[in-house]
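The sequence and structure come before the discussion.

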Amino acid sequence: MRGVGESALETMFDARSGTGPFTDLFDLATRVDSKRLNKGVLESLVQCGAFDRVLEPTGITRARAYAAVDTALERSRKATQERLSGQGRSWD
């Protein structure tokens, strides 16, 4: 997939296989190590329609999901910090 490196894909596949499918952009961001995600990866996933099936029932458009990428990245960083410090839920 253009814009998404092999390392990011492997990390997403591992997270998904451990706890099931992602429910939305924010679920992916909090379950995947922030060191493997960046703005380009999330934007590429939104642009290619990776979240369309889960967003459609909620009425959230790609444009709205795309606008939420920065917020999702911040949540990813916070969740990763919490996992590393032992405070958050472990997805590993």
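The sections below take the core and then the charged pairs.

## Basis

The model is predicted.

## Nonpolar core

The largest nonpolar core holds 21 residues. Met 12, Leu 25, Leu 28, Leu 42 and Leu 45 have the most contacts inside it. Two or more residues each come from helix H1 (6-19), helix H2 (25-31), helix H3 (39-47) and helix H6 (69-85). H3 gives the largest share, four residues.

Apart from neighbours within four places in sequence, Met 12 is in contact with Val 4, Phe 22, Leu 28, Val 32, Val 41 and Leu 45.

## A salt bridge within one helix

The whole structure has four salt bridges. One of them joins Asp 27 and Arg 31, whose closest N and O atoms are 2.8 Å apart. Both residues lie in helix H2, and because they are four residues apart, about one helical turn separates them. Asp 27 is buried at 15% relative accessible area, and Arg 31 is buried at 5%.

## Salt bridges between helices

Lys 39 and Asp 70 form a salt bridge with an N to O distance of 3.3 Å. This pair links distant parts of the chain, with Lys 39 in helix H3 and Asp 70 in helix H6, 31 residues apart. Lys 39 is partly exposed at 38% relative accessibility, and Asp 70 is partly exposed at 45%.

Asp 52 and Arg 62 also meet in a salt bridge, at 2.6 Å from N to O. Asp 52 is in helix H4 (residues 52-55) and Arg 62 in helix H5 (residues 62-67), so the bridge ties together parts ten residues apart in sequence. Asp 52 is partly exposed, with a relative accessible area of 28%; Arg 62 is partly exposed at 38%.

Key:
Residues numbered from 1 in each chain as written. Predicted model: local features only at pLDDT ≥ 70, side-chain atom pairs only at ≥ 80, totals over all residues. Heavy atoms only, no water. Core = buried A, V, L, I, M, F, W, Y, C linked by side-chain atoms within 4.5 Å. Buried < 20%, exposed > 50% of the residue type's maximum accessible area, 1.4 Å probe, protein only. Contact = heavy atoms within 4.5 Å. Salt bridge = Lys/Arg side-chain N within 4 Å of Asp/Glu carboxyl O.
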